[in-house]
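Please open the model in a viewer and follow the stops below in order. Each stop names a selection and then describes what is found there.

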Amino acid sequence: MDVLMFATVAVLGFTACAEFGSYAFVHPVVKRLAPRDHILVEQGLLRTFGIVMPVLMTASLVLAISYAARPDGAGLPEVLRWVAAATWATGIVTTVVVNVPINLSTLRWNKDFPPERWQERRNRWEWFQGYRSWAYLTAFLLVALSVATVG
């Protein structure tokens with residue numbers, strides 16, 4: 001059994017699906033809530049996703065790089081793995097540079113008296129959440145394709 005391959009597929013798949021599911025199915029509903037409820041839900045999500053996802057995103061990148069760097073020859077599977085790792089890395093960079101600062105400020109917002117232009121900040125967060133979600137899903141699919149190409 002190839003433990004590294006399995007762990008890479010499993011962790012990237014779970015993480016990509018959680019992020020993409022949040023982006024595609026949860027946040028569109030949250031955006032339609034009244035401002036007070038919107039902020040309450042965002043703060044709640046940050047207290048759950050915000051604890052687990054940094055660990056999973058980082059573990060996914062470590063696994064993607066480890067899997068890409070394995071010395072099993074060149075060719076299409078190796079190229080796919082490296083592109084997947086690079087794609088995952090772009091999602092992490094945008095998360096750290098854009099989403100994390102917005103998340104930290106969102107946690108401090110008063111739900112009854114939100115700051116001016118709070119929705120603009122959340123919209124910016126949403127755009128980069130979309131980018132990250134698509135990057136993670138793409139990276140996972142590239143890893144899956146590399147596995148299918150080998151097998």
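Select helix H1 (residues 3-30) together with helix H2 (residues 35-68): their axes come within 9 Å and cross at roughly 155 degrees. Axes here are lines fitted to C-alpha atoms, for helices over the stretch in contact, and angles run from 0 to 180 degrees between N-to-C directions. H1 is therefore roughly antiparallel to H2 (angles under 35 degrees count as roughly parallel, over 145 as roughly antiparallel, 65 to 115 as roughly perpendicular and the rest as oblique). The crossing of H1 past H2 is left-handed, a term for a near helix turned anticlockwise from the far one by less than a right angle, with right-handed used if the turn is clockwise. In the contact of H1 with H2 there are 18 nonpolar, seven polar and two charged residues. Ala, Val, Leu, Ile, Met, Phe, Trp, Tyr, Cys and Pro count as nonpolar, Asp, Glu, Lys and Arg as charged, and the others, Gly among them, as polar.

The model is predicted: local features need pLDDT of at least 70 and side-chain atom pairs count only at pLDDT 80 or more, whereas totals for chains, interfaces and linings use all residues. Residues are numbered from 1 along each chain as its sequence is written, and side-chain values use heavy atoms, with hydrogens and water left out.

Next, display the whole protein, which has four helices and zero strands. Helices (H or I, at least four residues) and strands (E, at least two) are DSSP runs, numbered from the N terminus. The C-alpha atoms fill a box of roughly 60 × 25 × 20 Å along the principal axes.

Now move to H3 with H4, whose axes are 8 Å apart and at an angle of about 160 degrees. H3 is thus roughly antiparallel to H4. H3 also passes H4 in a left-handed crossing. The contact of H3 with H4 holds 19 nonpolar, 13 polar and five charged residues.

Residues 79-102 are 100% helix and 0% strand, with end C-alpha atoms 34 Å apart. Residues 133-150 are likewise 100% helix and 0% strand, and their end C-alpha atoms lie 26 Å apart.

Finally, show the largest pocket, which holds about 380 Å³ of space. Of its 24 lining residues, Phe-49, Gly-50, Met-57, Asn-103 and Arg-132 are the closest to its centre. H1, H2, H3 (76-108) and H4 (118-150) each supply at least two residues of this lining, and H2 gives the most, with nine. By class, the lining has 12 nonpolar, eight polar and four charged residues. On a 1 Å grid over the protein atoms alone, a pocket is an open set of points where a 1.4 Å probe fits, with protein on both sides within 12 Å along at least five of seven lines; lining residues have an atom within 4 Å of a point.

How values were computed
Grid points are joined across faces, edges and corners, and a volume is the space filled by probe spheres set on the points.
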